[in-house]
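Subject: Structure for you to look through

Hello,

Please find the structure below. My notes on it follow.

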Amino acid sequence: MIFNIPYIAVVALILIGLYAIIFKRNLIKIVIGVTLIESGVNLFLITLGYRTGSVAPIYTSKPQGANIMALPVPQALTLTSIVIGVAVLALMLSLVIFIYRHYGTLDVKKVRRLKE
Amino acid sequence: MNIPEYTPALVVAIPLLGAFLTPLVGRVNDKLRNIFVILILAINAMLVALLSYDVLVNGIQTYIFGAKDLSYPIVRILFEVDAMSVFMAIIGSIVLLVAVIYSWAFMKENTGLDKYYTLILLLTAGMLGMMLTGDMFNFFVFLEITSISSCALIAFRTDSAESIEAAFKYIVVSAIGALFVLFAIALLYGQYDALNIAALSNAIQYTFLDKIALVLLIAALGMKSGIAPMHMWLPDSYGKAPATISLVLVSATLASLYGALRVIFTLYGNVLSTISNSGIPLNVSIGWLIIALAVVSIIIGVIMALIQSDFKRLIAYGAVAEIGYMFLAIGTGIAALGTQYGETALTGGIFHIMNDAMDVGLLFLVAGAIYYSTKESSLNKMGGFARNMKYTTILFIIGFLAVSGIPPMNGFASKLLIYESTFMLNPILAIIAILGSILLLAIFVKVFYSAFMGPEIPRFKNVKEVPKSMLFAMGIIACIIIFFGLFPELVITNIVEPAKNALMGYSGYVSQIVGGGI
Amino acid sequence: MFTIETGSGFWNPIIWVAAMVIAFLVTYILRSFGNKSYKKNTEQTKVFLSGNPEYQKEKMHVKADNLYWGFTESLKGFYSLLKKVHTGNTGDYILWFVIILAIFFIVEVI
């Protein structure tokens with residue numbers, strides 16, 4: 001049961017992130033929601049690589065008595081995903097700065113000139 | 001160096017290199033930078049033509065990054081190009097070349113054009129990479145590259161507040177869609193320890209987690225391509241981007257549609273006829289869900305377009321209806337897998353992808369031409385342009401006849417295939433499709449009357465025709481529309497039928513990699 | 001090479017274009033039997049609006065929003081529902097995604 005806690009954390013992060021995007025009215029909170037979902041998916045990617053009793057997958061510094069290493073491929077995928085997340089976060093925050101300069105408010109219900 | 005062997009990688013690498021060199025060239029001279037970008041995209045188009053000839057004659061081409069041949073287990077990233085990928089790549093490269101030729105004169109008064117051309121070249125690399133790749137995580141990376149570049153391009157005119165709002169909505173929707181795609185890829189990786197599409201397709205059994213992954217992938221890629229009711233970002237972002245960027249965005253959303261097709265037909269191709277535990281085969285339930293969403297998006301697209309007063313927003317709602325047509329044909333092709341009319345539906349849907357990109361693209365370019373001449377984008381204030389802008393009027397007539405499916409344009413050829421094949425599945429679908437076409441004609445007649453017909457309004461007395469480079473770019477697309485309309489069978493047997501056969505025959509795709517083909 | 005064969009019919013654009021050209025020629029020949037002349041600078045060349053006075057050109061042109069008034073009025077209930085759905089909130093876009101995901105989930109997985 002204790003080995004399932006990362007998966008429960010992933011589902012909890014994604015649900016909290018979706019709640020923040022759908023129901024919150026501040027634009028910064030929507031951006032934080034997107035970052036929460038991204039953290040959840042990254043955690044899921046890393047957790048997939050763990051094997052019971054394994055050590056870090058560095059080939060040249062294997063400690064004594066260790067038989068198996070964790071999978072290194074999900075760690076590479078997670079690094080790529082973190083970098084993409086940083087780029088998207090930077091873009092979203094710069095757009096929020098421009099929106100504040102134009103509209104004067106950060107309320108999603110007022111930043112709505114494009115409706116219907 | 002044997003060029004045909006390296007073309008799948010060169011098609012993505014050359015725009016990437018050009019994107020990094022463009023600011024340096026832009027420091028020297030502006031005209032030199034424009035010529036440099038057009039040259040890079042022309043070389044890219046020729047490489048895509050070479051690659052398509054190679055694929056259509058010799059079969060599936062692969063390119064493995066970092067090794068000469070493939071040893072099992074498959075750990076390398078590879079590009080696997082079959083006829084469907086090449087079909088989408090042809091659309092993408094034509095659209096981008098026309099957009100850059102058009103932007104020579106259209107964007108001349110804007111500043112910061114170095115960044116504009118750099119972002120367009122990055123968008124090219126991302127879009128073509130999405131269409132050619134054979135690896136799921138690589139697809140996710142190129143999807144994110146495309147969405148980040150296109151978000152920055154939508155927000156290009158930072159002095160207008162609505163562009164920034166549209167770009168913010170686009171990036172939130174894009175980021176959520178891509179993150180759910182990554183979640184599904186992680187689910188599939190955790191089960192089968194493979195990221196390659198061919199290896200996954202070989203190993204897939206239809207477990208509970210695979211069902212969740214399929215649902216997530218179809219819903220997220222559907223949101224990225226704009227079917228209702230997740231379509232609301234599409235009119236916002238197409239309506240407020242500069243006109244050339246709307247043209248390129250049409251092609252980028254069609255690349256997400258290609259991703260959905262690849263997932264359904266190739267990744268899950270082996271299990272499409274399994275019976276789920278409620279007695280319905282998988283392809284029937286997925287097919288009818290897609291058909292339901294497609295019918296909703298046709299109806300919402302045409303009815304919402306009728307009350308718009310902004311020119312580009314109206315064309316964007318028409319684009320939502322056209323995406324509905326494509327999904328209607330694809331859903332029929334899935335639900336009727338193995339029958340003759342199912343294959344006709346899939347042919348019509350694939351042909352309609354190319355026709356829709358050309359038609360809606362031409363309409364966006366005409367809207368851009370009117371904005372360039374008069375700085376006016378609201379239909380309530382326009383009138384009587386046909387006296388001064390004759391060529392633009394003729395191009396608009398060709399465009400809207402093609403979108404609503406009037407013979408002899410290319411829209412009619414693909415819509416005829418869709419009408420006849422969906423009629424065999426259920427007659428009501430064909431009736432809704434034909435009504436949608438008629439309402440599209442009504443919408444564009446409204447635009448034609450209020451923008452081009454009518455008496456000469458004194459405010460627009462001195463409006464001049466647009467520059468020749470813009471007319472040349474629009475003329476290229478109009479020639480393609482008329483050529484595809486007059487010789488549809490030539491296009492269908494040479495380009496569309498191989499794409500449909502490649503999509504339905506997933507075992508060829510798989511055995512190229514797994515069955516010791518390399 | 002020129003005809004598409006769908007499963008239940010065929011379409012040949014060259015035959016269509018030839019038929020349209022023949023129809024256009026017949027119409028043109030019939031029209032040329034009529035009276036070609038008109039008297040310039042008399043009442044025949046002025047705009048006729050059933051006796052109503054003619055306003056400025058800008059007011060004579062029907063605005064784009066008012067063109068399909070009958071259609072929009074008769075479907076007013078449906079349009080008010082649709083306008084209420086298209087709110088423009090960023091959160092509502094993701095809400096529709098979650099709803100469609102739930103519907104797909106229920107139909108496919110269970």
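The domain bounds used here come from an automatic or database domain assignment. For chain C that assignment gives domain 1 (1-33) and domain 2 (57-110). The C-alpha centres of domain 1 and domain 2 of chain C are 39 Å apart.

This is a predicted model, in which local features need pLDDT of at least 70 and side-chain atom pairs count only at pLDDT 80 or more, while totals for chains, interfaces and linings use all residues. Residues are numbered from 1 along each chain as its sequence is written, and chains are lettered from A and ligands numbered from 1 in the order in which they are written.

Confidence

The predictor gives the complex an ipTM of 0.95 and a pTM of 0.94. Chain C has an average pLDDT (the predictor's confidence in each residue, from 0 to 100) of 85, and 100% of its residues score at least 70.

Chain C against chain B

Contact here means that the C-beta atoms of two residues, placed from the backbone, lie within 7 Å. By that rule 38 residues of chain C touch 49 residues of chain B. Helix 5 of chain C gives the most to the chain C side, with 12 residues. That side has 24 nonpolar, 9 polar and 5 charged residues (Ala, Val, Leu, Ile, Met, Phe, Trp, Tyr, Cys and Pro count as nonpolar, Asp, Glu, Lys and Arg as charged, and the others, Gly among them, as polar).

Chain B against chain A

This contact takes 26 residues from chain B and 24 residues from chain A. On the chain B side, helix 5 (136-154) and helix 6 (161-192) each supply at least two residues. Helix 6 of chain B gives the most, with 17 residues. By class, the chain B side has 20 nonpolar, 2 polar and 4 charged residues.

A helix pair in chain B

The axes (lines fitted to C-alpha atoms over the stretch in contact, with angles from 0 to 180 degrees between N-to-C directions) of helix 11 (residues 282-305) and helix 16 (residues 427-451) of chain B come within 9 Å and cross at roughly 25 degrees. Helix 11 of chain B is therefore roughly parallel to helix 16 of chain B, a term for angles under 35 degrees. Their contact has 11 nonpolar, 1 polar and no charged residues.

Regards

Definitions and conventions. Helices (H or I, at least four residues) and strands (E, at least two) are DSSP runs, numbered from the N terminus. Angles under 35 degrees count as roughly parallel, over 145 as roughly antiparallel, 65 to 115 as roughly perpendicular and the rest as oblique.
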